[in-house]
Amino acid sequence: MSEKQQQAVITEAAKISFQNVTKRFQVREGRGVSEFTAMDGVNLDVRPGEFMAVVGPSGCGKSTLLDLLAGLSHPTSGQILLDGRPITGPGLDRGIVFQQYALFPWRTARANIEFGLEAKGFSQKERRERARHYLALVGLSGFENRYPHELSGGMKQRVAIARSLAFDPDVLLMDEPFAALDAQTRESLQTELLSIWEQTGKTILFITHGIDEAVYLGQRVAVMTARPGRIKRIIDIPLGKRSEDEDIRSGAEFGALRHEIWSELREEVQRSQAFDRSPVTAKAGLAK
Ligand SMILES: Nc1ncnc2c1ncn2[C@@H]1O[C@H](COP(=O)(O)OP(=O)(O)OP(=O)(O)O)[C@@H](O)[C@H]1O
Ligand SMILES: [Mg+2]
């Protein structure tokens, strides 16, 4: 089989496929407007049911990648396929958990979850039952009637996760959902997310700054370059079932994988810092 045919087979089987995706933004510069390349020629295939983690330095285009996949913005060039079809806009086939808590402040936890279900045509009784079920799944039974300002950061993020799960999307897109949480809450939510993934078989694209988090959660970890973001390397994480080994994080294999990713990432972080410090190279981020 030729390389081209092989690529075609992989792409056909992929749940999500980024094909040479570039994203440029118009930015103000002095009195004029110029173009800023946030992502440049990204190629990435995610398999059905896969848990893919993405790491990269701050500002390299991770959230941009997720927004494109969510259909909230469009590639400048290239295309993104979901189940082999180009993404044209947002859809209920993708559940999104944003970097910042994105709950409606005027709705209770339950009403936040019911929101997506209204659009899907569930009856009031079904909505209530589903909201209750998913709140229980993320450990928030009894908090149905709380408003977001009455919940802790970790609880808000749990509601956001419950909401994204409640309408049963095939794909979950998560942008550093646990970054703002304390270490204990983060670990318990990681474990919960893994067990939800094991139970439901959803395809998950999980963006994170945390190398440990990426190794612990991902079946593969994609490392992005400094801006403009590209996929630098994809590393397989051949660790067994996380739930069967409580101490997986302190094992030698885990340590070796963490080190491998850290080395890849360190180069990029240094590059991105050098980039930000130099006025000349900072300008080089602006497209030709
Ligand atoms: N709407 C926009 N207009 C102009 N520039 C943008 C826009 N959105 C993002 N950018 C720029 O694109 C680059 C990538 O941004 P993005 O938010 O994707 O980074 P990130 O990898 O998610 O960073 P972080 O890890 O800090 O969340 C940044 O330099 C950012 O300033
Ligand atoms: Mg981001």
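Predicted model: local features only at pLDDT ≥ 70, side-chain atom pairs only at ≥ 80, totals over all residues.
The C-alpha centres of domain 1 and domain 2 lie 26 Å apart, with the domain bounds taken from an automatic or database domain assignment. Domain 1 comprises residues 3–93 + 173–284, and domain 2 covers 98–168. Their contact takes 12 residues from domain 1 and 14 residues from domain 2, where two residues are in contact if their C-beta atoms, placed from the backbone, lie within 7 Å. On the side of domain 1 that touches domain 2, helix α6 (residues 183–200) provides the largest share, four residues. Helices (H or I, at least four residues) and strands (E, at least two) are DSSP runs, numbered from the N terminus. By class, this side of domain 1 has seven nonpolar, two polar and three charged residues; Ala, Val, Leu, Ile, Met, Phe, Trp, Tyr, Cys and Pro count as nonpolar, Asp, Glu, Lys and Arg as charged, and the others, Gly among them, as polar.

Residues are numbered from 1 along each chain as its sequence is written, and chains are lettered from A and ligands numbered from 1 in the order in which they are written.

Turning to the ligand, 14 residues surround ligand 1, counted by a C-beta atom, placed from the backbone, within 6 Å of it. The closest are Phe 25, Ala 38, Lys 62, Ser 63 and Thr 64. Two or more residues of the shell come from each of β1 (16–29), β2 (32–46) and α2 (62–70), and α2 gives the largest share, three residues. Five residues of this shell are nonpolar, seven polar and two charged.

Strand β1 also holds Asn 20, which has a positive phi of about 50° although it is not a glycine. Pro 228 lies in the loop between β9 (220–224) and β10 (231–236). For context, most residues other than glycine have a negative phi, and most peptide bonds are trans.

Finally, the axes of helix α3 (residues 109–119) and helix α4 (residues 124–137) come within 9 Å and cross at roughly 125°; axes are lines fitted to C-alpha atoms, for helices over the stretch in contact, and angles run from 0 to 180 degrees between N-to-C directions. The contact of α3 with α4 has six nonpolar, no polar and five charged residues.
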